[in-house]
Amino acid sequence: MRANKEIKEKMTYTPQIIKLSNHQIIKTSVMILSAGNSSRFGQPKALLPFDESNTFIQNILLEYFYAGIMDVVIVSSTELKANILKEIESLPEDLKINIIINTHPEKGRFASIKFGAAVLAHSNRIFIQNIDNPFTTAD
């Protein structure tokens, strides 16, 4: 597992898969929207430092991991994908992370949601998380 000491200590999670009495399975996923050009910030928001050890994207992914949500889609721009891949290398392998490219980021947030929803069609519940709000907690 690719995890630092802090991650290992907090790795008590319950995957968010719920079985109902009629054998239906409810699967919860998260879609992180990070395809914007961050023009006001001058650098990609996903790569901004959250604290001394994590960036925005790392913190968001870890909080969903602690909440038991392992199925993640990050909607990104072509320019940002390589940097996001570097940022997630140190995260737990249990996270199933797909990075998809919004080929038309100029069309805005709704276009990113459509791209992400197409990939997460297997999920019953999807959290939609903006990259510029890293203060999500597992609580």
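The model is a predicted one. Its chain contains four helices and five strands, arranged along the sequence in the pattern α-β-β-α-β-α-β-α-β. Of the 139 residues in the chain, 42% are buried.

**Overall organisation**

- Among contacts in the chain with a separation of 6 or more, 75% are between residues 24 or more positions apart.
- The chain has an accessible surface of about 8,000 Å², and carbon and sulfur atoms account for 52% of that surface.

**The largest nonpolar core**

- In soluble globular proteins, nonpolar side chains tend to be buried together.
- In this chain, the largest nonpolar core comprises 23 residues.
- The residues with the most contacts inside this core are Ile32, Ile57, Leu61, Val72, Ile74 and Ile131.
- Two or more residues of this core come from each of the elements β2 (25–34), α2 (56–66), β3 (71–76) and α3 (78–88).
- Helix α2 provides the largest share of the core, namely eight residues.

**Surroundings of Val72**

- Val72 is one of the residues with the most contacts inside the largest core.
- When neighbours within four places in sequence are left aside, Val72 is in contact with Val30, Ile32, Leu61, Leu95, Lys96, Ile97 and Asn98.

**A separate core**

- Another core, of eight residues, lies apart from the largest one.
- Leu33, Val73, Ile113 and Leu120 are among the residues of this other core.

Key:
Residues are numbered from 1 along each chain as its sequence is written. This is a predicted model: local features need pLDDT of at least 70, side-chain atom pairs count only at pLDDT 80 or more; totals for chains, interfaces and linings use all residues. Side-chain values use heavy atoms; hydrogens and water are left out. Buried means under 20% relative accessible area, exposed over 50%, partly exposed in between (1.4 Å probe, protein chains only). Contact means heavy atoms within 4.5 Å. Accessible areas come from the Shrake-Rupley method with a 1.4 Å probe; for residues, only the protein chains shown count as cover. A nonpolar core is a set of buried Ala, Val, Leu, Ile, Met, Phe, Trp, Tyr and Cys residues joined through side-chain atoms within 4.5 Å.
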